[in-house]
Amino acid sequence: MELWFSEMHTQNVRLDIKLEKHLFSGQSDYQRIDIYESLEYGRILILDGFTMLTEKDEFIYHDMLSHVPMAVNPDIQRVLIIGAGDGGMVRELARYPSIKQMDMVEIDKMVVDACREFLPQTAHALDDPRLNLYFEDGLKFVRTKQNEYDLIVVDSTDPFGPGEGLFTKEFYGNCYNAMTEQGIMVNQLGGTFYDHDILSMQRAFGKIKGAFPVARAYQANTYTYPGGHWLFGFATKSAHPVRDAKFDQWLKFGLITRYYNTKLHMGAFALPTHVLNLLEV
């Protein structure tokens with residue numbers, strides 16, 4: 001008997017992935033967690049029936065959320081990561097010796113525990129000595145912070161369930177207060193192809209624009225996410241993501257990346273016309 005995982009992208013479109021075996025299943029206080037071994041994509045993390053990552057293409061998402069802000073401000077030392085229970089963001093940021101502290105706030109301990117056991121590809125850096133791991137609500141955590149972080153990475157699920165509070169005007173305002181004057185906030189905005197994803201993306205980006213003087217969106221091709229085209233948010237108090245980028249300084253880190261490079265960085269902010277029109281709404 002063949003085993004398949006099906007994710008509904010819309011009522012009329014679904015992604016089917018042939019599986020080899022079911023590695024983990026758990027129901028936390030917040031969500032259903034499944035990890036599968038697939039034949040094409042390697043191991044897959046599923047939350048409440050939605051694909052969070054696959055071993056084959058996770059590098060795209062994690063490269064673009066980590067290296068883009070680091071190339072704009074290579075002097076980042078203190079980082080707040082909200083969500084990211086799979087460990088992929090910590091893995092990429094831990095490659096920077098200049099970072100002195102990473103505070104990671106993940107609401108669901110079961111996600112972290114499951115990824116430590118079954119997804120070492122992303123989770124192996126969760127024991128980095130610079131990392132402080134907090135199992136609590138990121139919305140509440142950031143309320144108490146003032147002028148502390150050079151970088152805030154919001155690596156959340158979509159705007160429903162446990163991640164819903166991380167797409168609010170209050171949350172983005174608190175992130176603004178928690179950032180230093182040179183600070184950067186990046187987050188996943190969502191897809192640009194299906195109507196439901198577009199509406200969520202527009203709402204989130206509108207709230208970010210209301211909280212930050214500089215708010216831009218940038219893009220990547222994500223093979224297993226709905227529509228295959230994904231947007232990320234970039235917000236600061238003053239720095240522009242392209243004009244103020246310090247590529248020469250970033251290149252001195254000597255990092256080998258699989259998706260990100262400095263030319264792609266510039267192109268990522270050159271959005272298709274139909275996406276620009278969506279962001280103006």
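Reader: Where does Thr-10 lie?

Author: The model is predicted, so local features require pLDDT of at least 70 and side-chain atom pairs count only at pLDDT 80 or more, while totals for chains, interfaces and linings use all residues. Residues are numbered from 1 along each chain as its sequence is written, and side-chain values use heavy atoms, with hydrogens and water left out. Helices (H or I, at least four residues) and strands (E, at least two) are DSSP runs, numbered from the N terminus. On this numbering, Thr-10 is found in the loop between strand 1 (3-8) and strand 2 (14-27).

Reader: Is Thr-10 buried, partly exposed or exposed?

Author: Buried means under 20% relative accessible area, exposed over 50%, and partly exposed in between, with a 1.4 Å probe and protein chains only. Because its relative accessibility is 23%, Thr-10 counts as partly exposed.

Reader: Which strands stand at the edges of the sheet?

Author: The open sheet of 7 strands has mixed pairing and the order 8-7-6-9-10-12-11; two strands pair if DSSP finds at least two bridges between them. Two of these strands each have a single partner strand, so one side of each is left without a neighbour in the sheet: strand 8 (131-134) and strand 11 (214-221).

Reader: How many residues of strand 11 are buried?

Author: Strand 11 pairs with strand 12 in the antiparallel sense over 8 bridges, and Val-214 has Thr-236 of strand 12 as its bridge partner. Strand 11 is largely enclosed by the rest of the structure, because the number of its 8 residues that are buried is 6.

Reader: Which residue of strand 12 is the bridge partner of Gly-191?

Author: Strand 10 (residues 179-191) and strand 12 (residues 229-236) run antiparallel and are joined by 7 bridges. In strand 12, the partner of Gly-191 is Trp-230.

Reader: Is helix 6 roughly parallel, roughly antiparallel, roughly perpendicular or oblique to helix 7?

Author: Axes are lines fitted to C-alpha atoms, for helices over the stretch in contact, and angles run from 0 to 180 degrees between N-to-C directions. The axes of helix 6 (residues 169-178) and helix 7 (residues 195-211) come within 9 Å and cross at roughly 40 degrees. Angles under 35 degrees count as roughly parallel, over 145 as roughly antiparallel, 65 to 115 as roughly perpendicular and the rest as oblique. The relation of helix 6 to helix 7 is therefore oblique.

Reader: Which residues of helix 7 make the contact with helix 6?

Author: Contact means heavy atoms within 4.5 Å. Helix 6 contributes Lys-169, Tyr-172, Gly-173 and Tyr-176. Helix 7 contributes Ala-204, Lys-207, Ile-208 and Ala-211.
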